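Me: Hi! I'm new to this one, could you walk me through it?

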Amino acid sequence: FQGLRTSECHFINGTEKVKFVVRYIYNREQYAMFDSNVGRFVGDTPFGEKAAQYINSQTDFMEQERTAVDWLCRHNYEVS
């Protein structure tokens, strides 16, 4: 069994339009995903729906995920 959390920054037109994506994967199946354009986690499976509801209820964690576009992606643009 393998559990994985990946995060990606997608740059469109430099730092003008930036998208931050987090994917939660278990056994090669994505079960939940965060997209900064949507602003919350969305479940892809029945388990993912429950996990997304729980994660979305964690206000401090969600604030950190929503602001990751600025402090993670745009900050590290020159590096990547």
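Me: In what order do the strands sit in the sheet?
Reply: This predicted model has 4 strands in an open sheet, ordered S1-S2-S3-S4, with antiparallel pairing. Strands are DSSP runs of E with at least two residues, helices are runs of H or I with at least four, and both are numbered from the N terminus; two strands pair if DSSP finds at least two bridges between them.

Me: Which are the edge strands?
Reply: S1 and S4 (40-43), each of which pairs on one side only.

Me: How many bridges join S1 and S2?
Reply: S1 (residues 3-12) and S2 (residues 17-26) pair over 10 bridges. Cys9 has Phe20 as its bridge partner, and Phe11 has Val18. The hairpin has 4 residues between these strands, and Asn13 takes a positive phi near 65° there.

Me: New topic: which residues touch the most others in the largest nonpolar core?
Reply: Phe20, Val22, Tyr24, Phe34 and Phe41, out of 15 residues. Such a core is a set of buried (under 20% relative accessible area, 1.4 Å probe, protein chains only) Ala, Val, Leu, Ile, Met, Phe, Trp, Tyr and Cys residues joined through side-chain atoms within 4.5 Å.

Me: What gives the most to this core?
Reply: S2, with 4 residues.

Technical notes: Residues numbered from 1 in each chain as written. Predicted model: local features only at pLDDT ≥ 70, side-chain atom pairs only at ≥ 80, totals over all residues. Heavy atoms only, no water. Buried < 20%, exposed > 50% of the residue type's maximum accessible area, 1.4 Å probe, protein only.
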